[in-house]
Amino acid sequence: MSEKSEAVRVVVRCRPLFGKELSEQRQSIVTCHKDSGQIEVDGPSGQRFTFDHAFGPNTKQHEIYVRAHASCGSPLRQIGGRADGRAD
């Protein structure tokens with residue numbers, strides 16, 4: 001095993017409602033707290049989950065990529081992928 005210490009960083013994006021969800025006038029049950037890196041599940045339990053970064057449903061893909069790259073380095077290159085999802 002490597003002596004190098006590594007940590008896993010997790011970035012989450014709360015997706016927007018779309019399609020059938022919108023036509024049925026459903027409401028999101030997740031609240032994203034971008035400043036604290038938390039998401040909160042609405043309901044009796046009021047569960048909160050904390051991540052390195054949390055992005056709301058209106059966040060542009062480019063902003064997510066830039067922030068993730070800045071805090072995590074270039075994980076896409078490390079695993080042989082690309083930002084557009086295609087393999088190298």
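Phe-55 is placed in strand S5, residues 53-55. Helices (H or I, at least four residues) and strands (E, at least two) are DSSP runs, numbered from the N terminus. The model is predicted: local features need pLDDT of at least 70, side-chain atom pairs count only at pLDDT 80 or more, and totals for chains, interfaces and linings use all residues. Residues are numbered from 1 along each chain as its sequence is written, and side-chain values use heavy atoms, with hydrogens and water left out.

Phe-55 has a relative accessibility of 1% and therefore counts as buried. Buried means under 20% relative accessible area, exposed over 50%, and partly exposed in between (1.4 Å probe, protein chains only). Contacts of Phe-55, setting aside residues up to four places away in sequence, are Val-11, Val-12, Arg-13, Cys-14, Cys-32, Lys-34, Glu-63, Ile-64 and Arg-67. Contact means heavy atoms within 4.5 Å. The C-alpha atoms of Phe-55 and Val-12 lie 6.2 Å apart, across 43 residues of sequence.

The protein chain contains 3 helices and 5 strands. Their order along the sequence is β-α-β-β-β-β-α-α. An open sheet is formed by 3 strands in the order S2-S3-S4, with antiparallel pairing. Strands S2 (30-33) and S4 (48-50) are at the edges; each has a single partner strand, so one side of each lacks a neighbour in the sheet. From one strand to the next, the twist averages 20°. Axes are lines fitted to C-alpha atoms, for helices over the stretch in contact; angles run from 0 to 180 degrees between N-to-C directions. Strands pair if DSSP finds at least two bridges between them. S3 (residues 38-41) and S4 pair in the antiparallel sense over 3 bridges. Ile-39 stands opposite Phe-49 in S4.

Gln-38 also lies in strand S3. Its relative accessibility is 19%, so Gln-38 counts as buried. The side chains of Gln-38 and Arg-48 are joined by a polar contact of 2.7 Å. A polar contact is a pair of N or O atoms within 3.5 Å; within protein, one must be able to donate a hydrogen and the other to accept it, and residues adjacent in sequence count only if both atoms are side-chain atoms. Beyond four places in sequence, Gln-38 touches residues including Thr-31, Cys-32, Phe-49 and Ala-54.

Of the 88 residues in the protein chain, 16% are buried.
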